[in-house]
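Dear colleague,

I am handing over the structure we spoke about, with its sequence, and below it you will find what turned up when I went through it. Please keep the picture open beside you while you read.

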Amino acid sequence: MMLSNLPSTHYITRLRFPLAVAVVFIHSMGRAPLPAHASDFSLLDVLRWWCSGALPTFAVPLFFCISGFLFFRGSSATALPTWENYRTKWRRRVSTLLVPYLVWNVLRFLLYWGRHDWDSFPLRWQRAGGWNIFWGSHDIGRDVVGALGIPLGHLTAPIDVPLWFVRDLMVMVLFAPFLALWMRRPARAVSTLVFLLFLYVARAWPYIGGLSGGKCGLMFLLGMTAALHGIDLLRVVRPVRGWLYAATPLLLTVQFLTRGYMPPMVEQLLLPFTLFLGMGALIALAGEREVRVPSDCTRFLASSSFFLFAAHTVGVLEWVDAGLKELLPGATGCTPLLRYFLLPALTVICCLTVFALLRRFLPRLSAPLTGIHR
């Protein structure tokens, strides 16, 4: 298949920056002070639930889906990549994923170490998790128990927490040739996706090695299947975008209003349904102006998404939060609301400023930080 004949992916370019910003909102959620005697339906609580809880849940799954799609874009079920093609793809991802992954985790450790005591490297190294800082030194959530009562473990992350996504993505990329051989037959691809969806809904997929497992595999394989079988994701969702725009906020509203009251089994069944609707709505929304080539500004923001994703938890979020605490102390009036929105906004601005300076003055030397392949 000729690259020029492939469907446009301008909508993916438009999605990358907003999805990275959504991740910043996730990590900003717990830092804004709650007013005294705040109710579950206070304005701040509602905004935190929507902007840091509900809407950002589509970000990482959609990143996985897009990554699977782009890795196999230009291939097909009848013309899989050759081993030389795979080696080329892997070499590229060494510079765009692996090297930045290692560098950002080292920087996060150095920040952790230097903030305490520069003379106690062995102790700080041990406390940080040793070599595990590059894999799973940070626990995310508690152990999950499956529907059959079987302990499944829990998700872990490297010391730069958001990069668990990159870790899991690199694992999927490494096994991509074997996954493609399995998913090349339409019937087998559909049955595999249905089986993974069942495991995801039933919470029956173990977190082997701390990996995200079911969600990671399901979404990456979904994007891979679309690419291999010539399915244009935008064309699939565009005819039903009106329904997606209506159903997604409706289901999210139901989940918000029934917090603490909805039976766990019903909630577990609704989550993946809402997830797929939300992902489809975002793809459709990003493709509303598909005929227009993204502007230079959109391309710049898209290229900054990896840097923003990795850098905001390496001191930036903490420093901005500390500054806001000095400028806007207390938890009365509009202060909590201001701090809630200023924290991610200023964090994004700081990251974009540093990214622009690096790209302008140190484009080659900064590649391990920006993930931009040259």
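**A buried asparagine**

N105 is buried, with a relative accessible area of 0%. Before we go further, please keep in mind that this is a predicted model, in which the mean pLDDT of the protein is 88 and 91% of its residues reach 70 or more. Among the elements of the protein, the lowest mean pLDDT, 78, belongs to helix α5 (residues 121-128), whereas helix α6 (residues 164-174) has the highest, 96. Where pLDDT is low, the predicted coordinates should not be read in detail.

To come back to N105, you will find this residue in helix α4 (residues 83-114). Once its neighbours within four places in sequence are left aside, N105 is in contact with I133, F134, P158, I159, D160 and L163. N105 counts as buried because its relative accessible area is 0%, and the cut-off for that word is under 20%.

**The nonpolar cores**

The largest nonpolar core has 92 residues, and those with the most contacts inside it are Y11, F72 and W104.

**Helix α8 and what follows it**

Helix α8 (residues 186-201) has 16 residues, and the distance from its first C-alpha to its last is 22 Å, close to the 22 Å expected at 1.5 Å a residue. Which residues of α8 are buried? They are A189, T192, L193, L196, L199, Y200 and V201, and what covers them includes α7 (176-183), α9 (214-228) and α12 (264-286). Just after α8, R203 takes a positive phi of about 55°.

L211 lies in the loop between α8 and α9. With its neighbours within four places in sequence set aside, L211 is in contact with W135, L155, R167, D168 and V171. The C-alpha atoms of L211 and L169 are separated by 9.8 Å, although the two residues are 42 residues apart along the chain.

Helix α9 holds G217, which counts as buried because its relative accessibility is 9%, where the limit is under 20%. Leaving aside neighbours within four places in sequence, G217 is in contact with M172 and L196; L196, as you saw above, is one of the buried residues of α8. G217 and E326, which are 109 residues apart in sequence, lie 44 Å apart in space, C-alpha to C-alpha.

**Two further residues**

M170 has its place in helix α6, the element with the highest mean pLDDT. Not counting residues up to four places away in sequence, M170 touches L97, L98 and Y101. Between the C-alpha atoms of M170 and M224, 54 residues apart along the chain, there are 14 Å.

T370 lies in helix α16 (residues 367-370). Is T370 buried or exposed? T370 is buried, with a relative accessible area of 4%, and, residues up to four places away in sequence not being counted, T370 touches F306, F307 and F355.

**The second largest pocket**

The elements that give two or more residues to its lining are α1 (10-28), α3 (59-71), α4, α6, α13 (296-303) and α14 (305-327). Which element gives the most to this lining? That is α4, with 7 residues, the helix in which N105 also lies.

With best wishes

Methods. Residues numbered from 1 in each chain as written. Predicted model: local features only at pLDDT ≥ 70, side-chain atom pairs only at ≥ 80, totals over all residues. Heavy atoms only, no water. Core = buried A, V, L, I, M, F, W, Y, C linked by side-chain atoms within 4.5 Å. Buried < 20%, exposed > 50% of the residue type's maximum accessible area, 1.4 Å probe, protein only. pLDDT = per-residue confidence, 0-100. Helix = DSSP H or I, 4+ residues; strand = E, 2+ residues; numbered from the N terminus. Expected span 1.5 Å × (residues − 1). Contact = heavy atoms within 4.5 Å.
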